Amino acid sequence: MLEIKEVSRYFDNFTALDKVSLNIAAGEFFTLLGPSGCGKTTLLRLIAGFDQPDNGDILLDGKSIIATPPERRPLHTIFQNYALFPHMTVTENIAFPLRMVGCTQAEINRRVAEALEDVSLPDKGNHYPDALSGGQKQRIAIARALVNRPRLLLLDEPLSALDAKLREQMQLELIKLQKEIGITFVYVTHDQGEALALSHRVAVMNRGTIAQVDEPSRLYGFPNSRFVADFIGQCNLLSGKVTQLQDNRAQVELEGLGPVQTAIPADSTIAVGRNCTLTLRPEKIHISSRVSHDEVEAHFKGIVHDMLYLGDVTVYKVELANGMLLEALLANSSPGRARFFEIGDQVEVAWHYDAGHLVMD
Amino acid sequence: MTRKNRLLKLVALGAYLFLYLPLFIVIVYSFNDSKLNAEWVGFTFKWYDKLFQNREMLSAAANSLIIATVSAAVATVLGTLAGMAMHQYRLKLLPGLVLAPIAMPDILMGVSLLLFFIMLNMSLGLISITLAHITFCIGFVALSVQARMTAIDRSLTEAARDLGATPWQCFRKITLPLLAPGIIAGALMAFTLSIDDFVITFFVAGVGSSTLPLQIYSMVKIAVTPEVNAISTLLMVLTLILITLTARLYPGALRS
């Protein structure tokens with residue numbers, strides 16, 4: 001439905017977007033995720049029409065829209081600060097897009113009332129935006145953007161100004177809303193947790209390029225680069241070199257630790273002698289006081305350096321022989337009182353050969 | 001109450017007295033039944049009565065009002081455009097050109113405008129005065145509008161465009177209403193600056209057309225008569241009405 005073709009944008013000497021290509025399907029909840037300055041907001045502004053690409057094309061339903069001014073694009077934006085018009089009441093704000101297309105007053109009244117009903121704020125019509133709470137402003141901004149049924153909704157970090165509890169509630173509402181109305185959402189955020197929770201697909205961006213486009217679970221489980229592994233969730237990154245390939249397993253010489261066996265990921269450019277990173281999620285690492293001799297596991301001795309009790313889980317930082325700190329999660333899920341290792345305890349960390357995910361550097 | 005607080009109040013009182021006592025004295029003596037501004041004799045309206053029979057004074061007042069109205073109106077339109085342009089585009093030359101007349105000494109403005117008008121072979125009078133006033137008022141309006149523009153979130157105009165407004169509709173429905181306090185404040189400033197300008201007007205007035213400040217000046221040359229007090233009081237009242245009106249119509253307009 002929305003096709004971004006080799007779009008580049010330069011600001012003076014800074015490359016904000018470098019030949020970015022994306023395909024977003026109709027009805028999809030698509031997220032642009034990345035650290036600040038990665039180009040995600042620039043891309044959103046190009047789609048909205050507030051800015052023009054220096055190269056490339058943006059197609060909506062197969063037709064180029066880059067020459068179309070923002071008011072004639074069938075899409076609306078939810079701004080980070082909501083951008084409600086302060087000199088208009090809530091009703092006038094929601095009526096604005098309807099007035100611009102010349103709806104009759106009766107039609108406007110009916111649809112504004114409906115829109116207010118939809119966001120559960122039927123009695124706020126005569127209030128000015130100043131008199132609303134953050135969450136209410138958010139809802140009104142959504143009502144205003146959806147009132148004349150755009151094909152596409154662009155959301156620019158819409159939840160970043162809300163507190164944690166409200167944010168979670170709004171996330172659930174957004175998912176529900178998107179499912180109900182079936183409009184394509186393009187969502188921009190720097191919050192990887194939010195991206196994973198909300199989206200059908202996520203494009204991770206870094207320095208003006210797309211690092212990886214995938215479903216949240218694949219992004220988390222099978223990052224394609226050190227950057228993505230590090231940016232999405234917590235991850236241990238172990239540098240090494242491929243020394244041997246056998247069947248579906250690779251032997252990797254980890255820096256300062258020695259050889260480990262690990263699975264060869266699908267469509268990898270792996271080759272003997274290449275530098276690589278073994279990405280290892282903390283929850284996939286076992287931590288125990290016993291010494292294991294399991295052949296399918298990699299195991300190393302270490303000392304508990306730090307621990308963080310979080311209620312449901314405990315995070316341990318284990319110092320290995322090479323001085324590296326490995327993060328491991330232990331779920332406090334066994335019945336009875338939670339048991340801990342203490343700082344300074346000798347422990348063994350181990351992981352199944354299939355637990356880590358290998359990426360080439 | 002602490003000592004510090006009391007001291008603060010005292011200083012504040014002193015400052016207010018310094019600012020408003022002279023004005024207060026002028027008002028009081030405009031009702032004084034004596035030709036001398038020395039002691040209170042009794043209450044009278046006779047200076048006002050005399051004022052309204054002084055034809056020179058009346059025509060000067062009419063001139064001043066016409067000039068102030070026209071130049072404030074023109075300067076407001078041009079200044080608003082300049083202020084918006086200064087905010088919207090990274091212009092190098094315009095801000096300097098627009099704001100220079102504010103910083104320029106009045107006497108320099110007066111002399112150069114006079115030379116300019118003579119060079120153009122223009123006869124001096126109401127038109128030359130009005131043009132001169134427009135020149136120095138634009139900068140003040142532009143400043144006020146520009147300050148207001150920076151306070152308007154760019155995402156508001158973007159949101160308007162995004163929601164279907166053409167650039168003109170966006171200006172009419174969003175920018176202009178949000179800019180109104182800045183424009184009104186600028187217009188008010190322009191009007192007051194124009195009505196009490198002396199130095200520049202003095203140079204470009206020529207003979208035969210006089211404004212209120214020029215008229216008052218020529219009267220004061222002889223003596224500060226109660227008539228001058230009376231006209232000053234009326235000017236004050238006019239300004240006060242304007243300010244109150246603005247504050248009523250656009251709360252917050254005077255804050256910038």
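Residues are numbered from 1 along each chain as its sequence is written, and chains are lettered from A and ligands numbered from 1 in the order in which they are written. Because the model is predicted, local features need pLDDT of at least 70 and side-chain atom pairs count only at pLDDT 80 or more, whereas totals for chains, interfaces and linings use all residues.

Chain A contains eight helices and 20 strands, where helices (H or I, at least four residues) and strands (E, at least two) are DSSP runs numbered from the N terminus. The C-alpha trace of chain A spans about 80 × 50 × 35 Å along its principal axes. Of its 361 residues, 37% are buried; a residue is buried if 20 or more other C-beta atoms, placed from the backbone, lie within 10 Å of its own, exposed if 12 or fewer do, and partly exposed in between. Two residues are in contact if their C-beta atoms, placed from the backbone, lie within 7 Å. Among the contacts in chain A between residues at least 6 apart in sequence, 65% join residues at least 24 apart.

Chain B has 11 helices and zero strands. The C-alpha atoms of chain B fill a box of roughly 70 × 70 × 30 Å along the principal axes. Buried residues account for 36% of the 256 residues in chain B. For contacts in chain B between residues at least 6 apart in sequence, 77% join residues at least 24 apart.

In chain A, helix α2 (residues 90-100) packs against helix α4 (residues 134-146) at an angle of about 30°, with their axes 7 Å apart. Axes are lines fitted to C-alpha atoms, for helices over the stretch in contact, and angles run from 0 to 180 degrees between N-to-C directions. The helices α2(A) and α4(A) are therefore roughly parallel, given that angles under 35 degrees count as roughly parallel, over 145 as roughly antiparallel, 65 to 115 as roughly perpendicular and the rest as oblique. The crossing of α2(A) and α4(A) is right-handed; a crossing is right-handed if the near helix is turned clockwise from the far one by less than a right angle, and left-handed if anticlockwise. From α2(A), A:Val90, A:Asn93, A:Ile94, A:Phe96 and A:Pro97 meet A:Ile140, A:Ala143 and A:Arg144 of α4(A). The residues of this contact comprise six nonpolar, one polar and one charged. Here Ala, Val, Leu, Ile, Met, Phe, Trp, Tyr, Cys and Pro count as nonpolar, Asp, Glu, Lys and Arg as charged, and the others, Gly among them, as polar.

Helix α4(A) has 13 residues and reaches 18 Å from its first C-alpha to its last, close to the 18 Å expected at 1.5 Å a residue; the expected span is 1.5 Å times one less than the number of residues. Since 10 of its 13 residues are buried, α4(A) is largely enclosed by the rest of the structure. Among these buried residues are A:Lys137, A:Arg139, A:Ile140 and A:Leu146. Their cover includes β6 (75-78), α2, α3 (105-118), β7 (152-156) and α5 (164-181) of chain A. In α2(A), the buried residues include A:Val90, A:Ile94 and A:Phe96, and what covers the buried residues of α2(A) includes α3 and α4 of chain A. Helix α2(A) is followed by A:Gly102, whose phi is positive, near 75°.

Most residues other than glycine have a negative phi. A:Tyr82, in the loop between β6 and α2 of chain A, has a positive phi near 75°. With 23 C-beta neighbours inside 10 Å, A:Tyr82 counts as buried. A:Arg207, in the loop between β9 (201-206) and β10 (209-214) of chain A, has a positive phi near 45°. A:Arg207 is partly exposed, with 15 other C-beta atoms within 10 Å.

In chain B, helix α4 (residues 93-103) and helix α6 (residues 126-151) pack at an angle of about 115°, with their axes 8 Å apart. The helices α4(B) and α6(B) are therefore roughly perpendicular, and their crossing is left-handed.

Between the chains, 16 residues of chain A are in contact with 15 residues of chain B. On the side of chain A that touches chain B, α2(A) gives the most, with three residues. By class, this side of chain A has 10 nonpolar, four polar and two charged residues.
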